[in-house]
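Here is a set of questions on one protein chain. Keep the structure open while you read.

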Amino acid sequence: MDIGFIGLGEMGGAMVANMLKAGHRVRVWNRSPERAQRLAEAGAVVVATPAEAFAGDAVFSMLADDHAVREVFDAPLLAGAPRGLTHVNMATISVALAETLAHEHAHRGLHYVAAPVLGRPDVAAAGKLTIVAAGPAEAIDRVQPVLDAIGQKTWRIGSLPQQASVMKLAANFMLASAVEALGEASALLAGHGVAMQDFLDVITGGLFTGPVYSGYGKMIAERRYEPALFKARLGLKDVRLALAAANATHTPMPMASTVHDSLVQAVAQGDGEKDFAVLGEVSARRAGRA
Ligand code: NAP
């Protein structure tokens, strides 16, 4: 397919590399041009404006947050886009903005699909993302070959894009809660002279299997938070978005509020760029052991 891609950060860059490998023609735009230049060597066509990328059979985007998405996909960009174009937004954004974007695109004869992903940059590089897609079914059908190049499976959630956003936020809330629990358990153990690694060997052997407990647990056990695979500031953004979505429907999420405060503390203490396993350090500091 002839596609555009906007936002070449840790995730976007890895996704474009796999799209190119699968034989798609990709026009790329990034705010900082040097990230785009690196992909030119892999065959991407670097364009100078978002509008030049917002054309062809479909356009994909992977920007940081609501603010970035709002800045790039403004009214003139959407107004100038060819009718019938499909935009697949893969960033983790608010439920409210997903709903707004769906209306704005439909109003201008564009198709809007929300397709946030589960999986960190290493998973993106391996082409094994889990994709949660929602939007018009025919639009998802059209872009499925591209989604297949970057993900191991696309789950279709519904026809309303915001449904994919809320599912992604619920998943990241659970992830953040698991990391918070690991951090608190680590502080508890340290207070009684038990090694975190010994604890992990026991719990990941049967009770808590899977990459979340073993992966983040290992980082906490080793107190190793760099290089960040998922930055604390992005984790905070997602928990904030989950709380905002909950607030919109008067849904109490007391655990999310606790994790939110721990992530605020991590960022306030200068750890925003570290992996959000740094929640282990927040618990250690609270116990006076950091
Ligand atoms: P990242 O490495 O920080 O990249 C962010 C991208 O957004 C960059 O291309 C950046 O451009 C661009 N950007 C930021 N503010 C902008 C603005 N005001 N105008 C234009 N462009 C702007 O982040 P990432 O890890 O790739 O994450 C991207 C999205 O994927 C986020 O929504 C994140 O929550 C989600 N996600 C991340 C992970 C993960 O583990 N990292 C996993 C799943 C989902 P510059 O290069 O110019 O800064």
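Q: Where is the place of serine 94?
A: This is a predicted model, in which local features need pLDDT of at least 70, side-chain atom pairs count only at pLDDT 80 or more, and totals for chains, interfaces and linings use all residues. Residues are numbered from 1 along each chain as its sequence is written, and side-chain values use heavy atoms, with hydrogens and water left out. Helices (H or I, at least four residues) and strands (E, at least two) are DSSP runs, numbered from the N terminus. Serine 94 sits in the loop between β5 and α6.

Q: Is serine 94 buried or exposed?
A: Buried means under 20% relative accessible area, exposed means over 50%, and partly exposed is in between (1.4 Å probe, protein chains only). Serine 94 has 11% relative accessibility, so this residue counts as buried.

Q: Which residues does serine 94 touch, not counting residues up to four places away in sequence?
A: Contact means heavy atoms within 4.5 Å. With residues up to four places away left out, serine 94 touches Asp66, Ser165 and Leu241.

Q: How many Å should helix α6 span, and what is the distance between its end C-alpha atoms?
A: The expected span is 1.5 Å times one less than the number of residues. Helix α6 has 13 residues, 95-107, so it should span 18 Å. Its end C-alpha atoms agree with that, at 19 Å apart.

Q: Which residues of α6 are buried, and why are they on the same side?
A: The buried residues of α6 are Val95, Leu97, Ala98, Leu101, Ala102 and His105. They cover an arc of only 155° around the axis, which puts them on the same side of α6. That arc is taken from the directions from the helix axis to the C-beta atoms. An α-helix has 3.6 residues a turn, so residues three or four places apart point the same way.

Q: What covers the buried residues of α6, and which exposed residues does the face turned away carry?
A: The cover on the buried residues of α6 includes α4 (66-72), α5 (75-80), β5 (86-89), β6 (111-114), α9 and α12. The face turned away from the buried side of α6 carries the exposed residues Ala96, His103 and His107.

Q: Which residues of α11 are buried, and what covers them?
A: In α11, the buried residues are Tyr216, Gly217, Met219 and Ile220. They cover an arc of only 160° around the axis, which puts them on the same side of α11. Their cover includes α9 (161-190), α10 (196-203) and α14 (279-286).

Q: At what angle do the axes of α9 and α14 cross?
A: Axes are lines fitted to C-alpha atoms, for helices over the stretch in contact, and angles run from 0 to 180 degrees between N-to-C directions. Angles under 35 degrees count as roughly parallel, over 145 as roughly antiparallel, 65 to 115 as roughly perpendicular and the rest as oblique. α9 and α14 are therefore oblique to each other. Their axes come within 8 Å and cross at roughly 40°.

Q: Which residues of α14 meet α9?
A: From α9, the residues are Ala176, Val179, Glu180, Gly183, Glu184 and Ala187. They meet Leu279, Gly280, Ser283, Ala284 and Arg286 in α14.

Q: Which residue after α11 has a positive phi?
A: Most residues other than glycine have a negative phi, and most peptide bonds are trans. The residue following α11 has a positive phi, near 50°. It lies in the loop between α11 and α12 and is arginine 223.

Q: Which peptide bond is cis?
A: Proline 227 lies in the loop between α11 and α12 (232-248). With omega near 0°, the cis bond is the one from glutamate 226 to proline 227.

Q: Is histidine 250 buried or exposed?
A: Histidine 250 lies in the loop between α12 and α13 (254-268). Its phi is positive, about 50°, although it is not a glycine. Its relative accessible area is 72%, so histidine 250 is exposed.

Q: How many residues of α1 are buried?
A: Among the buried residues of α1 are Met11, Val16 and Leu20. α1 is mostly covered, and of its 12 residues the buried count is nine.
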